[in-house]
Amino acid sequence: MTAQKTVTKIPAKPSIGELLLAFKRTISSCTKSQSKKESFAEDLTFPQVETLMFIGIKGRKSMESIASYFDIAPPSATSIIEKLEKKGHVVRIKDKNDRRMVYIELSPNTKKLMLKMWKQKEKVLEQVVSKLSSSDRSHFERILTILVEN
């Protein structure tokens, strides 16, 4: 896959927000053509995609932990999960020791699709970041780590 060069116009003295948005647009435009070919997310809402990403990264989660993570009411989390379940993206797993506990995890097919999409996005990010010098890349990684951890 070759990333198309996209020029994102930014103001002469951009704010950090404008720079972050321009960076996001650059990444998005590089992945757009590939993701359209293999996307399973076209019929999903943003909260549904975010929920799939959360479960995909964190693994099996309870409905309560999903609601807590997104700071939404449990019935809202249930609604999102029910829609994802109808589309075949998640499955419910009952706890063997506590019948009241139900966990949500990605369906095997959705796991495969998300892993493939994640690898494609990593490849594009690597291509974009490869334009940085070794020193700049180290600084960029350090700064991102600080922002993510705080």
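User: What makes a residue count as partly exposed in this predicted model?

Analyst: Buried means under 20% relative accessible area, exposed means over 50%, and partly exposed lies in between. The model is predicted.

User: Why is R137 called partly exposed?

Analyst: R137 has 22% relative accessibility. That value lies between 20% and 50%, so R137 counts as partly exposed.

User: What makes E126 and R137 a salt bridge?

Analyst: Their side chains meet at 2.8 Å, N to O. The cut-off is 4 Å, so the pair qualifies. E126 sits in helix 5, R137 in helix 6, and 11 residues separate them in the chain. Salt bridges with shared partners join E126, R137 and E141 into one network.

User: How do you know that R60 and E105 form a salt bridge?

Analyst: The closest N and O atoms are 2.9 Å apart. This is within 4 Å, so the pair counts. R60 lies in the loop between helix 2 and strand 1, while E105 lies in strand 3. The two are 45 residues apart.

User: Why is E105 called buried?

Analyst: E105 has a relative accessible area of 17%. Buried means under 20%, so E105 is buried. R60 has 45%, which falls between the limits, so R60 is partly exposed.

User: Why is I16 called exposed?

Analyst: I16 has a relative accessible area of 63%. Exposed means over 50%, so I16 is exposed. I16 lies in helix 1. Together with L19 and L20, I16 makes a nonpolar surface patch of about 300 Å².

Notes. Residues numbered from 1 in each chain as written. Predicted model: local features only at pLDDT ≥ 70, side-chain atom pairs only at ≥ 80, totals over all residues. Heavy atoms only, no water. Patch = residues over 30% accessible without salt bridge, like charges linked within 9 Å, V, L, I, M, F, W, Y side chains within 5 Å. Areas by Shrake-Rupley, 256 points an atom, 1.4 Å probe, with all protein chains shown as cover. Helix = DSSP H or I, 4+ residues; strand = E, 2+ residues; numbered from the N terminus. Buried < 20%, exposed > 50% of the residue type's maximum accessible area, 1.4 Å probe, protein only.
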